[in-house]
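Student: Please go through this one with me, a piece at a time. I'll ask as I go.

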2 protein chains.
Amino acid sequence: MITKANRLQHVKEYYFSTKLREVRQLIAQGKPVINIGIGSPDLDPPMSVSRALQQTLEKNHIHGYQSYQGIPELRNAIAYFYQRHYNVTVHPENEILPLMGSKEGIMHISMAFLNPGDEVLIPNPGYPTYTSVTNLLGAIPVNYDLIEENNWFPDLEKLSKTNLSKVKMMWVNYPHMPTGSKPTKKLFEQLIIFAKQHQVLIINDNPYSFILNDTPKSILEINGAKEVALELNSLSKTFNMAGWRVGMLLGSQEHITTVLQVKSNMDSGMFYGIQQGAIAALKSDINWFVNLNIVYKKRREIAFSIADALGCTYDKDIAGLFVWAKLPKGKKATVVTDELLYTHNVFLAPGTVFGSNGEGYIRISLCVPEETLAQVLNRLTK
Amino acid sequence: MITKANRLQHVKEYYFSTKLREVRQLIAQGKPVINIGIGSPDLDPPMSVSRALQQTLEKNHIHGYQSYQGIPELRNAIAYFYQRHYNVTVHPENEILPLMGSKEGIMHISMAFLNPGDEVLIPNPGYPTYTSVTNLLGAIPVNYDLIEENNWFPDLEKLSKTNLSKVKMMWVNYPHMPTGSKPTKKLFEQLIIFAKQHQVLIINDNPYSFILNDTPKSILEINGAKEVALELNSLSKTFNMAGWRVGMLLGSQEHITTVLQVKSNMDSGMFYGIQQGAIAALKSDINWFVNLNIVYKKRREIAFSIADALGCTYDKDIAGLFVWAKLPKGKKATVVTDELLYTHNVFLAPGTVFGSNGEGYIRISLCVPEETLAQVLNRLTK
């Protein structure tokens, strides 16, 4: 056996990966475990999406390599989507890079801009992949605190007083996962000022803006944002297409070209049929979003009751696929979630999966039917 | 604008990317350029492939995230395919990793095993991505010579006498692109001995073994190969599914697990419908290969005549999607290909795209219809 690269010494197995293995074992032992831990949409995409893919398969010459930048129609559809929903103008020719999921974009962007030893600002709590990708490239994750008292926004003033000389990039993610905190225009403005002041590339990872949120926002709506900011977006949550692997990166031509240099050396273009499905999704009319959120709202009501049953407090006005709830004082997240798993056969995510500032919180997923959530509630209250 | 990472300083734009832009410009100017430079299969996949994807779209719950390791049925189909066609046993549970194309596997494997400064043996001539990925990770490409006199096989004896202390990996690719040289069992045996002697991880990139070749071989058929070898394979050429992005990595559980550690931090699993299409392809009966090669054989006859018209010599017994032809003595590859482009409106690849040992050679693609090749021949001989 050949030894692995040093970069893998920093990469631990994902908490969910270990825990879900345990869940599968419990189920195999006959335990009726309900999983409300994971944010994988269970609903179907718009009908038009599968239809577009099916129709494509009737055409000729659709099976060959595709351009790294996607077909022009896809980039046009993305530009249209950004104009219509975020009031942001991006040029379809050179300010958009379609991706096979926004997750791969995290690696592409990091490879494009980070040298070993560069520092990267990463939210705590936040999506664990920012940290693992940074580590994989020999760059240095520097956590910045998000706390409830500050609406889970970064304290940029405090951050400015720290030594930022080695910081090259900053990950932000609003609406924020796991807390559901929604961005304000002022937050984005301040982030852009901060980025320009410290010459930091700021990336807003924006997959949740249409879920339980009527006012989708993009960091690119701020004047001059493109000089220092990129935005990642995805069809996974907005159109229930997580498995299709369609994401996108938006920003200045210069930054997009740099990322494309990496991408073109790492993979190839997206399957033509999937691009056609994505185009159909992006053209969905407003009813799609309305109906989707009716479903999530109903589910969320039950999730609130689950949080109540656990004695939690929570902010009702949050976006995204989860309810983020604060446990009664003194309770430890993994103690509570393990207890729920072993005594009530309910699996949900302890806040600590997302960093130390998640201690004392749990995350309830809305990606299961109402009946399932009701079943969980029943187990906790009977 | 934020400065790009140093790793991108080594990465030049792909020759084809620059040249194809020029070809597009020429076409826009009204020139009737015929492109026989690129190895993107123009034929359709087996009927069963699109049908499997279409049928999948009628099912429920197919749109969510998929496992990084693919569905068990896909791994079973790959194991079956390897047993049937290569007489190689790989365990579907842990010796197979489905990939979104074998190209992404080059990055995954390199990230999994290479530290900055490690050396990597890379064939000259060979596929340029081995070099660019190695550079992107700060590892050091060390070319090894392939020459016609040695059937485009590496001179392992000579290589053993060089300082290999920093070499961690070696890329091999048989049937070889661009030369079409077919492997022998003895070659693979010698490579495994070499790899064990020098503790080098050897990866055979094996996408061409079914094209114009009745005796597909895998490096994993050698006893004990899994200790030091991995194999990459792909459906792109074998089943005309280049745009679908389906590849696979095969090897020992330990090596596969290491690569999976990288992959799980970089992307997500493959679209369920594409996995079903891949399964259908892998189960194709023997007629698929026979019929595919009937088409390529006819095309190759005309490609031979094109080579004749250019005064070239060539080996007729080669595998893969190309004819690799030696120019008359003293002729430079890019001089000839530029002349063909500007005077005959024919684009084909100069051997130097693949390294300095490609000087004096050209590569003619078989990925265009017979009529198109006949048109090229006509232009050169009229």
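Student: Which residue in β10(B) is the bridge partner of Tyr314(B)?

Tutor: The bridge partner of Tyr314(B) in β10(B) is Ala325(B). Strand β9 (residues 313–314) of chain B is joined to β10(B) by two bridges, and the two run antiparallel. Strands here are DSSP E runs of at least two residues and helices are H or I runs of at least four, numbered from the N terminus, while two strands pair if DSSP finds at least two bridges between them.

Student: Before we go on, what kind of model is this, and how is it numbered?

Tutor: This is a predicted model, in which local features need pLDDT of at least 70 and side-chain atom pairs count only at pLDDT 80 or more, whereas totals for chains, interfaces and linings use all residues. Residues are numbered from 1 along each chain as its sequence is written, with chains lettered from A and ligands numbered from 1 in the order in which they are written.

Student: Back to Ala325(B): what is its bridge partner in β13(B)?

Tutor: In β13(B), Ala325(B) has Ile362(B) as its bridge partner. β10(B) and strand β13 (residues 361–365) of chain B run antiparallel and are joined by five bridges.

Student: How many of the five residues of β10(B) are buried?

Tutor: Four of the five residues of β10(B) (322–326) are buried, so the strand is largely enclosed by the rest of the structure. A residue counts as buried if 20 or more other C-beta atoms lie within 10 Å of its own, as exposed if 12 or fewer do, and as partly exposed in between, with C-beta atoms placed from the backbone.

Student: In what order do the four strands of that open sheet come?

Tutor: The order is β9-β10-β13-β12 in chain B, with antiparallel pairing. The edge strands are β9 and β12 (349–350) of chain B, each of which pairs on one side only. β12(B) and β13(B) run antiparallel and are joined by two bridges, and the bridge partner of Pro350(B) in β13(B) is Ile362(B).

Student: Which strands does α10(B) touch?

Tutor: Helix α10 (residues 286–309) of chain B packs on the sheet and touches β9, β10 and β13 of chain B, its direction making about 20° with that of β10(B). Contact between two residues requires their C-beta atoms, placed from the backbone, to lie within 7 Å. Angles run from 0 to 180 degrees between N-to-C directions, along lines fitted to C-alpha atoms, for helices over the stretch in contact. Helix α11 (residues 333–344) of chain B lies across β12 and β13 of chain B, at about 45° to β13(B).

Student: Now the seven-stranded sheet: what is its order?

Tutor: In chain B the order is β2-β8-β7-β6-β5-β3-β4, an open sheet with mixed pairing. β2 (96–99) and β4 (140–145) of chain B are the edge strands, each pairing on one side only, and the twist averages 20° from one strand to the next. Within it, β7 (residues 229–234) and β8 (residues 247–250) of chain B pair in the antiparallel sense over four bridges, and Ser234(B) has Gly247(B) as its bridge partner in β8(B).

Student: Where do α5(B) and α7(B) lie?

Tutor: α5 (residues 128–136) of chain B lies across β3 (119–124), β4 and β5 (167–172) of chain B, at about 160° to β3(B). α7 (residues 185–198) of chain B lies across β5, β6 (201–205) and β7 of chain B, at about 170° to β5(B).

Student: Different topic. How many residues of chain A are in contact with chain B?

Tutor: 59 residues of chain A are in contact with 59 residues of chain B. The elements giving two or more residues to that side of chain A are α2 (47–56), α4 (102–113), α5 (128–136), α8 (253–266) and α9 (272–282) of chain A, and α8(A) gives the most, with seven residues.

Student: And how are the two copies related?

Tutor: A rotation of 180° with 0.0 Å of shift along its axis superposes chain A on chain B, with an RMSD of 0.0 Å, and the two copies are thus related as by a two-fold rotation axis. In chain A, the C-alpha nearest the axis belongs to Gln54(A), 2.9 Å from it. The same surface serves both copies, since 100% of the contact residues of chain A recur in chain B. The superposition is by least squares on the C-alpha atoms of residues with pLDDT of at least 70 in both copies.
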